[in-house]
Amino acid sequence: KEELVTAVYVKAKRGMLEALDIVEEQASLREKARRFWLSYVEWSMANWQEASFLNLYDASAHIAEDARQELVASFSKELSFLFNAIEQGVFRPLPNDMLHAIIMTYTQMAAKYFRDHPALFEKQEIREEAFRSLWASIAG
């Protein structure tokens, strides 16, 4: 059973990570984070079953640790801007796992809200304000 859950988890996580919009190096950290957030929300809205599965199993002991580590390693270059921001003190002085939890919880809730209210997602000012509120909560 655990092997099947791990296989589904890896497939869903790879699909999500491949859908993330990681912008070119010259973009500001805030712009990279905004594009990352927006692409995650869009992916979650379009793939709500996979997103729900990932939300449920991200902290599960049923996912093989080596599979988790392989995913992190395979996408570490794409996600390095987040790790660099933490190391450079751009984000609030909180433990890395707490910052990650804040970002993911907020982003997952935004995706669910926008999935339930797609007309609001179509309004750029609402999307931008939603991101600004996340940024204000994590930026130092």
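Helices are DSSP runs of H or I with at least four residues, numbered from the N terminus, and their axes are lines fitted to C-alpha atoms over the stretch in contact, with angles running from 0 to 180 degrees between N-to-C directions. The model is predicted, so that local features need pLDDT of at least 70 and side-chain atom pairs count only at pLDDT 80 or more, while totals for chains, interfaces and linings use all residues. Residues are numbered from 1 along each chain as its sequence is written, and side-chain values use heavy atoms, with hydrogens and water left out.

Helix 1 (residues 2–19) packs against helix 3 (residues 48–57) at an angle of about 120 degrees, the axes being 10 Å apart. The two helices are therefore oblique to each other, a class left for angles that are not under 35 degrees (roughly parallel), over 145 (roughly antiparallel) or 65 to 115 (roughly perpendicular). The crossing is left-handed, meaning that the near helix is turned anticlockwise from the far one by less than a right angle, clockwise being right-handed. Contact (heavy atoms within 4.5 Å) involves Val5, Val8, Tyr9, Ala12, Lys13 and Met16 of helix 1 with Glu50, Phe53, Leu54 and Tyr57 of helix 3. These residues comprise 8 nonpolar, no polar and 2 charged, where Ala, Val, Leu, Ile, Met, Phe, Trp, Tyr, Cys and Pro count as nonpolar, Asp, Glu, Lys and Arg as charged, and the others, Gly among them, as polar.

For helix 2 (residues 29–46) and helix 8 (residues 124–138), the axes come within 11 Å and cross at roughly 120 degrees. This pair is therefore oblique, and its crossing is right-handed. Helix 2 contributes Leu29, Arg30, Ala33, Arg34, Trp37 and Leu38 to the contact, and helix 8 contributes Arg127, Glu128, Ala130, Phe131, Arg132, Leu134 and Trp135. By class, 8 residues of this contact are nonpolar, none polar and 5 charged.
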